Number of protein chains: 4
Amino acid sequence: MSNGTVGDRIRVGVLGSGGKVGQAIVDAVSASDDLEFTVGIDKDDDRAALVDAGTQVVVDFTHPSVVMGNLEFLIANGIHAVVGTTGFDDDRLDTVRGWLGEQPGVGVLIAPNFAIGAVLSMRFAAAAARFYDSVEVVELHHPHKADAPSGTAFRTARLIAESRAQAGCAPMPDATTSSLDGARGADVEGVRVHSVRLAGLVAHQEVLLGTEGETLTIRHDSLDRTSFAPGVLLGVRQIAGRPGLTVGLDELLDL
Amino acid sequence: MSNGTVGDRIRVGVLGSGGKVGQAIVDAVSASDDLEFTVGIDKDDDRAALVDAGTQVVVDFTHPSVVMGNLEFLIANGIHAVVGTTGFDDDRLDTVRGWLGEQPGVGVLIAPNFAIGAVLSMRFAAAAARFYDSVEVVELHHPHKADAPSGTAFRTARLIAESRAQAGCAPMPDATTSSLDGARGADVEGVRVHSVRLAGLVAHQEVLLGTEGETLTIRHDSLDRTSFAPGVLLGVRQIAGRPGLTVGLDELLDL
Amino acid sequence: MSNGTVGDRIRVGVLGSGGKVGQAIVDAVSASDDLEFTVGIDKDDDRAALVDAGTQVVVDFTHPSVVMGNLEFLIANGIHAVVGTTGFDDDRLDTVRGWLGEQPGVGVLIAPNFAIGAVLSMRFAAAAARFYDSVEVVELHHPHKADAPSGTAFRTARLIAESRAQAGCAPMPDATTSSLDGARGADVEGVRVHSVRLAGLVAHQEVLLGTEGETLTIRHDSLDRTSFAPGVLLGVRQIAGRPGLTVGLDELLDL
Amino acid sequence: MSNGTVGDRIRVGVLGSGGKVGQAIVDAVSASDDLEFTVGIDKDDDRAALVDAGTQVVVDFTHPSVVMGNLEFLIANGIHAVVGTTGFDDDRLDTVRGWLGEQPGVGVLIAPNFAIGAVLSMRFAAAAARFYDSVEVVELHHPHKADAPSGTAFRTARLIAESRAQAGCAPMPDATTSSLDGARGADVEGVRVHSVRLAGLVAHQEVLLGTEGETLTIRHDSLDRTSFAPGVLLGVRQIAGRPGLTVGLDELLDL
């Protein structure tokens with residue numbers, strides 16, 4: 001596809017390289033022996049520099065207002081893309097599929113969450129949920145967070161509920177008759193979710209599954225803001241081998 | 001006090017030996033090298049057998065309706081007592097103190113909770129609470145439990161709140177503006193308490209304390225119904241050396 | 001297959017019903033609305049009673065010295081089997097396959113571990129291992145255990161090592177230059193395994209996976225000896241739909 | 001003591017303000033409503049600026065080669081000191097005590113560890129250790145750490161061993177007869193210590209205590225390098241009320 005290959009290393013460019021996330025990705029790419037950083041593009045730079053530098057894969061953590069233009073340009077130039085920018089609805093995804101139809105060798109990965117652990121946690125929780133009588137979610141975050149439960153906890157609880165409904169699981173046992181308001185957490189489609197807010201924490205989630213005599217706990221801890229980097233690098237390494245549109249990191253984890 | 005000493009072993013009798021708890025205590029006493037089980041008394045048995053057997057310490061896990069008669073008898077006969085029976089209000093405690101005034105060498109320990117770990121957890125949580133910006137309690141129990149939060153969680157939260165009030169701590173930070181009902185748990189005097197109910201669990205509690213850059217977690221797990229036994233044995237071993245009335249296991253832990 | 005169906009409930013017999021495990025299975029079957037307990041066979045009883053009672057599925061937790069005879073009998077009589085008895089090598093499995101060839105509708109499940117959580121933990125750990133820079137195993141058991149690490153921890157570490165080898169993962173980072181003997185645990189094919197022995201514990205295992213900025217923890221707790229029951233019931237419910245030989249509970253979990 | 005008080009705020013200076021730790025302390029002081037930052041002194045600056053600015057308390061995170069000169073100067077000028085610099089042996093402490101004898105109103109706090117949670121963890125572990133049959137330590141750090149176990153784990157294990165020896169505790173039960181090298185961890189005065197090294201972690205420690213039917217776990221997590229700041233601020237707020245030499249943060253925690 002790309003004509004700029006040097007040895008075996010994948011040549012990687014970054015769109016939005018001026019931001020915090022973009023800079024962290026530049027650093028992560030530069031620190032990887034099998035990747036070579038080509039060029040970073042910020043809002044006033046010319047995207048043509050990506051092509052000139054023989055870039056094979058571009059990472060885009062930019063803004064909903066510019067990401068579609070970026071993707072049209074990259075696909076037209078035969079460059080694969082790994083996209084963490086938000087704001088993709090079905091219309092936008094269809095548009096991207098249309099562009100990719102013209103360039104059958106190009107791969108684009110669009111994912112709402114690049115933290116591998118968060119994605120794995122959700123998958124494992126959903127897979128295990130139907131074998132247990134009880135499943136609850138405890139999510140723990142720093143106290144500056146505005147919403148409770150977290151978006152990830154919401155999605156996790158919904159996946160659990162869906163998995164149990166498909167398997168025909170009975171409702172979870174709960175003999176509570178006398179309860180202080182809020183003690184039993186929030187009810188997300190029958191799954192109890194508890195939100196802890198604690199100074200010193202970053203972003204953590206625990207799914208607890210229990211049946212007679214045993215419990216299974218799946219815990220994910222994000223200890224700093226760079227936890228998306230390994231997921232982005234995974235995408236960068238695989239996307240050339242996955243032509244067409246891939247939505248969600250799950251697909252690449254091959255579970 | 002007692003005239004029935006044999007070697008160095010403490011001679012221990014059990015009131016309520018027919019019940020599950022009583023039987024567990026008989027077993028624990030019998031399994032201890034430094035203790036000698038004398039006699040178990042159930043509801044139709046004559047308490048005089050305790051005296052005849054040279055009993056030095058009696059453990060009472062019976063019923064509020066009979067415990068006062070038991071204590072009057074034991075104290076009159078110079079036998080120390082370790083009591084887990086419930087229902088002691090200030091009047092009852094004063095009556096016991098009165099009896100003990102007549103027998104200055106006798107010791108009586110009355111405690112609502114003999115699980116050492118539960119008692120230590122509460123003490124540690126209260127001691128640490130004023131050094132942290134945030135403190136929350138998560139208690140986890142089997143799904144047959146009727147009340148939420150548990151009594152222990154309630155007491156723990158109150159001790160935390162009291163300790164923080166005395167130290168003049170600021171309210172805990174919490175930027176939550178958008179919350180699903182119950183997500184942030186129950187509010188016990190400003191301390192958030194979350195109650196998980198899960199098949200497979202027994203009785204567990206976690207106190208989470210956090211400040212900038214670090215957290216401290218104090219967790220107590222009761223894995224079976226015999227978790228009161230070590231606390232009872234601790235009482236049995238110490239009560240002869242603590243004449244008068246002692247209320248609560250805390251006193252013996254000497255923290 | 002079986003001619004003794006009554007309504008929709010599966011008719012279940014138990015071989016080895018006189019033992020602790022056998023009795024626990026009888027109890028679990030009896031407590032299940034969709035199962036009906038037919039008859040329990042202990043060492044001096046006649047297996048023919050299973051057939052007379054219209055048994056559809058038999059659970060066998062007996063002894064390596066009798067299990068082959070049991071299976072030959074059950075298969076010949078068109079009864080499905082769920083087997084937790086140990087001692088199956090390739091020869092024995094081939095013999096069972098031979099018998100099943102004659103009775104194509106009969107299903108036999110033979111599994112070394114019926115604790116669903118243990119099986120799920122191993123699968124999840126192996127699936128996740130290749131996405132993380134570091135993976136270590138901490139297993140925690142009661143202090144009466146003779147071997148360290150536990151058999152489950154060994155198997156888990158090997159599955160992790162195998163998964164990482166297949167994915168071409170780099171060796172795990174470890175800058176330790178000054179170490180007290182044993183501090184870094186046992187080395188099982190490059191995976192560090194730590195064995196905690198603690199009074200009060202039963203059987204627990206934690207797999208810790210970490211990469212820059214995030215960790216994933218998969219923890220399994222067996223809190224009593226009945227933790228095999230849900231896995232056995234899962235087998236009982238599914239085995240009629242899985243003719244032939246199935247080895248390992250994994251197959252039924254359909255992950 | 002100091003003549004520069006403005007309102008109720010404590011006036012705080014920082015020695016070593018050019019380093020990472022020093023800068024973090026300047027930030028923490030500046031962010032505190034009850035403290036006022038006066039002046040930061042780096043290696044080429046004149047310490048007299050501290051006096052000119054009416055500084056009441058100085059924080060010293062410098063170097064063993066300069067800290068004694070700093071303390072002599074501060075004490076002579078009636079300024080209290082909170083010191084995290086290492087290298088204090090008995091001789092140095094005696095010298096500081098001598099200087100303080102001349103200035104009876106001045107307080108100096110010298111502590112090897114300002115992470116409140118680490119200090120509390122050690123105290124709680126030592127206090128609880130004698131009530132449990134078994135105690136083990138698991139410490140978990142990033143994989144760039146050179147020593148195993150960590151210094152904190154060593155100290156914790158020694159405090160546990162000392163507390164148990166004083167209480168006359170029996171050796172811990174351990175029936176291990178077949179063990180892979182290292183599985184049971186390092187032996188620090190009879191206390192097993194396990195060192196996990198995992199990418200993504202920072203600095204964490206868990207003390208596990210167990211007796212029949214129950215366990216107690218005390219866990220400390222340092223999630224970033226600023227975890228010393230709350231302990232330093234605690235010292236700054238209390239030192240004026242504690243004339244003379246105080247060694248170790250424990251004294252201020254008033255447990």
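Which residues does A:His141 touch, not counting residues up to four places away in sequence?

Mentor: This is a predicted model, in which local features need pLDDT of at least 70 and side-chain atom pairs count only at pLDDT 80 or more, while totals for chains, interfaces and linings use all residues. Residues are numbered from 1 along each chain as its sequence is written, chains are lettered from A and ligands numbered from 1 in the order in which they are written, and side-chain values use heavy atoms, with hydrogens and water left out.

Contact here means heavy atoms within 4.5 Å. Leaving out residues up to four places away in sequence, A:His141 touches A:Ser150, A:Val196, A:Arg197, A:Leu198, A:Leu201, A:Val202, A:Ala203 and A:His204. A:His141 belongs to strand β6 of chain A, which covers residues 134-141. Helices (H or I, at least four residues) and strands (E, at least two) are DSSP runs, numbered from the N terminus. A:His141 counts as buried because its relative accessibility is 10%. Buried means under 20% relative accessible area, exposed over 50%, and partly exposed in between, with a 1.4 Å probe and protein chains only.

UniProt, in an unreviewed entry, places the feature "active site" at A:His141 and A:Lys145. UniProt positions are given in the numbering used here, feature names are shortened, and annotations may be inferred rather than shown by experiment.

A:Lys145 sits in the loop between β6 and β7 (147-148) of chain A. With 17% relative accessibility, A:Lys145 counts as buried. Its neighbours within four places in sequence aside, A:Lys145 is in contact with A:Ser150 and A:Arg197, and also with B:Ala175 and B:Thr176 of chain B. A:Ser150 and A:Arg197 are among the residues that A:His141 touches.

A further record concerns A:Lys43, where UniProt places the feature "binding site", again from an unreviewed entry. A:Lys43 lies in the loop between β2 (35-41) and α2 (48-52) of chain A. A:Lys43 counts as exposed, because its relative accessibility is 76%.

Now for the chain around these residues. Chain A has eight helices and 13 strands. Of its 255 residues, 56% count as buried. Among contacts in chain A with a separation of 6 or more, 72% come from residues 24 or more positions apart. Along the principal axes, the C-alpha atoms of chain A fill a box of roughly 70 × 40 × 35 Å.
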